[in-house]
Amino acid sequence: MPGPTGRVLTLLELLQSGGTRTVTELADRLGVEGRTVRRYVDQLLDLDVPVESVRGRYGGYRLAPGYRLPPLMLSDDEALAVLLGLIAGRRAGLTPEHTASETAAAKIRRVLPKHTARRLDALLESLDFTDRPGEVATPDTGVLLTVTDAVRHRRPISVRYTDRDGRGSERTLHPYGVVAHSGRWYVTGRDAGIGEERTFRLDRIADARTLPGTFEAPPGPAPAQRLLSGFATAEYRHEVTVRIQGTAEQIRAHLPAGIATLEECEPPAGTDERWLRAELRAERLDWLPATLASLDRPFVIERPDELRDRVAAFADRLASFARST
């Protein structure tokens with residue numbers, strides 16, 4: 001059984017987990033009487049830890065909200081969850097700055113008890129991933145926080161943006177939401193200058209400032225769906241339309257929402273099977289024959305004619321490979 005100092009630290013850990021804890025609950029967890037809990041609370045108050053007393057039937061003790069409390073006390077499970085979250089977030093491009101996630105992990109690792117640190121080190125040294133970390137584009141932390149605050153409070157923002165061709169511009173944006181997708185961060189919203197919905201990469205925004213006023217977000221798809229629909233309808237060299245026999249689930253396994261849009265269409269004469277029309281835009285067509293073949297479903301190419309020729313040539317190559325000895 002830990003001594004009084006250890007129980008005071010345990011009390012601090014319990015309060016850090018959030019919410020209001022009753023005296024009875026704390027006494028049971030600490031293995032002491034209620035008046036001892038109150039004495040431990042007084043010791044925390046003497047250390048300038050802001051413990052609040054909550055009155056009423058369900059009263060007890062809680063920490064004052066918004067207080068940055070040292071020392072941070074984590075259980076083994078909590079420490080593991082935080083460190084693995086930092087690693088996964090860094091690999092997936094979900095941390096705005098790589099250095100910040102690395103220094104945060106180092107700080108947590110440094111203050112852990114030795115036996116916990118050794119066990120976590122063993123796990124991290126043994127852990128591997130099937131995917132390799134790729135290049136990720138991380139936004140400026142200040143820009144990210146400004147944009148997300150504007151999303152939450154429905155405030156317009158002014159941004160300095162550089163497009164993929166290197167052209168800079170200043171825009172007024174009504175931001176609907178922030179989306180993390182494939183190692184990049186995006187903001188979706190209405191570009192007030194042209195009166196249309198647009199999607200912007202956050203790493204290409206050099207500065208973001210909140211403007212006076214508010215706006216109302218229109219009803220419709222969630223920001224993530226808006227982003228994927230925008231990708232599927234973006235301006236590229238080729239416009240492709242293919243009718244495919246199958247369900248949305250079967251087709252989406254090979255043509256996800258970020259690549260193609262799907263809609264119901266009439267089946268060919270003489271069949272009652274379900275058919276969907278897939279529409280997408282592509283800069284190149286060379287990847288589509290193999291993708292359509294991987295569907296393993298009947299399909300009809302509506303456009304472009306060049307894709308029909310590529311699919312026929314692809315089929316001839318496969319047939320020649322199958323006949324070779």
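In helix H7, the residues Val143, Leu144, Val147, Ala150 and Val151 are buried, where buried means under 20% relative accessible area, exposed over 50% and partly exposed in between, with a 1.4 Å probe and protein chains only. Seen down the axis of H7, these buried residues fall within an arc of 135°, so they line one face of the helix; the arc is that of the directions from the helix axis to the C-beta atoms. This is a predicted model, in which local features need pLDDT of at least 70 and side-chain atom pairs count only at pLDDT 80 or more, while totals for chains, interfaces and linings use all residues. Residues are numbered from 1 along each chain as its sequence is written, and side-chain values use heavy atoms, with hydrogens and water left out.

**Overall composition**

- The protein has 11 helices and 11 strands; helices (H or I, at least four residues) and strands (E, at least two) are DSSP runs, numbered from the N terminus.
- Of the 325 residues in the protein, 33% are buried.
- Among contacts between residues at least 6 apart in sequence, 60% join residues at least 24 apart; contact means heavy atoms within 4.5 Å.

**Helix H7 and its surroundings**

- H7 covers residues 141–153, and its 13 residues reach 18 Å from the first C-alpha to the last, close to the 18 Å expected at 1.5 Å a residue. The expected span is 1.5 Å times one less than the number of residues.
- An α-helix has 3.6 residues a turn, so residues three or four places apart point the same way.
- On the face of H7 turned away from its buried side are the exposed residues Leu145 and Arg152.
- The N-terminal end of H7 is capped by Asp140, which places a side-chain oxygen 2.9 Å from the backbone nitrogen of Gly142.
- Just after H7, Arg154 adopts a positive phi of about 55°.

**Helices H1 and H3**

- The axes of H1 (residues 4–16) and H3 (residues 34–46) come within 10 Å and cross at roughly 80°. Axes are lines fitted to C-alpha atoms, for helices over the stretch in contact, and angles run from 0 to 180 degrees between N-to-C directions.
- H1 is therefore roughly perpendicular to H3; angles under 35 degrees count as roughly parallel, over 145 as roughly antiparallel, 65 to 115 as roughly perpendicular and the rest as oblique.
- H1 contributes Pro4, Arg7, Val8, Leu11, Leu12 and Leu15 to the contact, and H3 contributes Val37, Tyr40, Val41, Gln43 and Leu44.
- Leu44, in helix H3, counts as buried at 2% relative accessibility.
- Leaving aside neighbours within four places in sequence, Leu44 is in contact with Val8, Leu11, Leu12, Leu15, Val49 and Val51. The C-alpha atoms of Leu44 and Val8 are separated by 7.6 Å, although the two residues are 36 apart along the chain.

**Helices H2 and H3**

- The axes of H2 (residues 23–30) and H3 come within 9 Å and cross at roughly 90°, and the two helices are therefore roughly perpendicular to each other.
- Val23, Leu26, Ala27 and Leu30 of H2 meet Gly34, Val37, Arg38 and Tyr40 of H3.
- Thr24 lies in H2 and counts as exposed at 57% relative accessibility.

**Helix H10**

- Thr291, in helix H10 (residues 288–295), is buried, with a relative accessible area of 14%.
- Not counting residues up to four places away in sequence, Thr291 touches His254 and Leu255.

Note on methods
A polar contact is a pair of N or O atoms within 3.5 Å; within protein, one must be able to donate a hydrogen and the other to accept it, and residues adjacent in sequence count only if both atoms are side-chain atoms.
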